[in-house]
Number of protein chains: 2
Amino acid sequence: MERVQTLLRNHDIRPSYTRMAIYRYLDENRNHPTVEAIHEALSASLPTLSKTTVYNTLHLFIRHHLVKEIDLQDHKRYDIVQEPHAHFKCDVCDTLYDIDIVPPNAPTHDDIVDVRDVQLVYHGTCKRCQQAV
Amino acid sequence: MERVQTLLRNHDIRPSYTRMAIYRYLDENRNHPTVEAIHEALSASLPTLSKTTVYNTLHLFIRHHLVKEIDLQDHKRYDIVQEPHAHFKCDVCDTLYDIDIVPPNAPTHDDIVDVRDVQLVYHGTCKRCQQAV
DNA sequence: TATATATTTGTAATGATTACATTTTTATGG
DNA sequence: CCATAAAAATGTAATCATTACAAATATATA
Ligand SMILES: [Mn+2]
Ligand SMILES: [Mn+2]
Ligand SMILES: [Zn+2]
Ligand SMILES: [Zn+2]
C-alpha cells in the first residue's frame with residue numbers, strides 16, 4: 001500500500017490515480033506551484049489531464065486541509081506545508097521563498113471573533129535577481 | 001490653497017480635480033475600498049469619471065508612495081494609511097479591518113536582499129457576522 | 001492664439017478562475 | 001460477468017477584474 005494512498009484515505013479523499021499524482025507533485029515540488037505549473041508538469045505523464053481537474057482537486061485538498069492557497073497579486077499558489085510559516089515573493093522573478101518564522105497571533109480586537117488563517121508575505125528582490133544586474 | 005493640493009504637489013503629482021477627488025475619497029473613507037467602490041461613490045459628483053482613470057490614478061499614487069495595494073483573493077483593496085499595520089479580512093462579509101500591530105521584520109535569509117513591503121493578513125469571521133446566526 | 005504635453009475616456013483584449021453539461025471511470029449487487 | 005448507480009474527470013463556455021491602447025479632452029507654455 002502506498003503512503004500517499006493511505007494519506008488521502010485518512011483525509012476522507014478517494015485516492016484516484018489523478019489525485020495521487022497531484023498530491024505527489026505538490027509533495028515533491030515544494031516551490032508553491034501555480035495551477036498552470038502543476039498542469040503542465042503532469043501533462044507529460046497524464047496527457048488527458050484537464051486544468052479543471054487540477055482546480056477541482058486542489059480545492060478538494062484545501063477543503064480537507066491538505067493544502068493551503070496563497071493569494072498573490074497574479075496567480076494563486078499552492079502549498080502542501082501545513083506548519084505556520086511566512087513567505088518572501090521576489091517581484092522580479094516571481095519566486096516564492098519559504099521564510100521560517102511563525103506569524104504573530106492576532107491580538108484581541110473588538111471586531112474579531114474567529115481567526116482561521118494568517119498570511120505573512122514579504123515583497124522585494126531576491127539575491128539571484130539582485131546580482132543579475 | 002487646499003491641503004490635498006499641496007500634498008499631491010509635494011509628491012510630484014499634478015493636482016487635477018479628479019486626482020484630488022480620488023485622494024480625498026481615500027482619505028475620508030479608510031475602509032480599504034475597491035476600484036469599484038471608489039468609482040461608484042465618485043460617479044455621483046463626477047459623472048464622466050471612467051474606471052480606467054481610477055485605475056490609472058491609484059497606480060500613480062502607489063508609484064509615489066501615497067497608497068498601498070492589498071492583494072486579497074478577490075478584488076484589490078487600496079489603503080491610504082502608510083504606517084505599517086496588519087489586516088483582518090472577514091470571509092463572510094468581506095470587510096477588511098485594520099489591526100494595530102506592526103508586522104515582524106523579515107529575518108536574514110540567504111536568498112533575500114531587499115525587502116520593500118510586508119503584508120500580514122488574518123482571515124476568519126468578524127463579530128457582526130458571527131452574531132448574525 | 002497656437003502648439004505641445006498631460007490627463008481622461010471608451011472600448012477592446014487578456015487571462016485566471018468558475019460554471020456546467022457530458023463523458024469516462026469506478027464501485028456494488030445480482 | 002453484466003447492469004446500474006455514483007464518483008471522477010473532461011471540454012467548453014461564461015465571468016469578471018484588470019490591462020492595453022488609441023482617441024478625445026483639458027492644461028500649460030510660448
Ligand atoms: Mn510555503
Ligand atoms: Mn489598513
Ligand atoms: Zn528573483
Ligand atoms: Zn463579517
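Are A:Asp79 and A:His87 buried or exposed? Both A:Asp79 and A:His87 are buried, where buried means under 20% relative accessible area, exposed over 50%, and partly exposed in between, computed with a 1.4 Å probe on protein chains only.

1. On the model itself. This is a predicted model, in which local features need pLDDT of at least 70 and side-chain atom pairs count only at pLDDT 80 or more, while totals for chains, interfaces and linings use all residues. Residues are numbered from 1 along each chain as its sequence is written, chains are lettered from A and ligands numbered from 1 in the order in which they are written, and side-chain values use heavy atoms, with hydrogens and water left out.

2. On the manganese ion (ligand 1). Its protein donors are A:His32 (NE2), A:Asp79 (OD), A:His85 (NE2), A:His87 (NE2) and A:Asp98 (OD), at 2.1 to 2.2 Å from the ion. Donors here are N, O and S atoms within 2.8 Å of the metal (3.2 Å for Na, K and Ca), and since water is not among the atoms, sites may look incomplete. Along the sequence, the donor residues of this ion are spaced H-x46-D-x5-H-x1-H-x10-D.

3. On the manganese ion (ligand 2). Here the protein donors are B:His32 (NE2), B:Asp79 (OD), B:His85 (NE2), B:His87 (NE2) and B:Asp98 (OD), which lie 2.1 to 2.3 Å from the ion, and their spacing along the chain reads H-x46-D-x5-H-x1-H-x10-D. B:Asp79 counts as buried because its relative accessible area is 4%, and B:His87 is likewise buried, with a value of 6%.

4. On DNA strand D. Of the atoms of DNA strand D that come within 4 Å of the protein, 76% belong to sugar and phosphate. The residues of this surface divide into two nonpolar, ten polar and four charged, where Ala, Val, Leu, Ile, Met, Phe, Trp, Tyr, Cys and Pro count as nonpolar, Asp, Glu, Lys and Arg as charged, and the others, Gly among them, as polar.

5. For A:Thr52, an N or O atom of the side chain is 3.2 Å from a base oxygen.

6. On the aromatic pairs. Over all chains the structure holds four aromatic pairs, that is, rings of Phe, Tyr and Trp (its six-membered ring) with centres within 6.5 Å, counted as stacked when the planes are under 30 degrees apart, edge-to-face when over 60 and tilted for the rest. One of them joins B:Tyr23 and B:Phe61, and it is edge-to-face because the planes stand at 80°, with the ring centres 6.0 Å apart. B:Tyr23 is buried at 7% relative accessibility, and B:Phe61 is buried at 0%. Another pair, B:Phe88 and B:Tyr97, is tilted, with 6.2 Å from centre to centre and 40° between the planes; B:Phe88 is buried at 0%, and B:Tyr97 at 13%.

Note on methods: Near = heavy atom within 4 Å. Polar contact = N/O pair within 3.5 Å; in protein donor to acceptor, adjacent residues only side chain to side chain.
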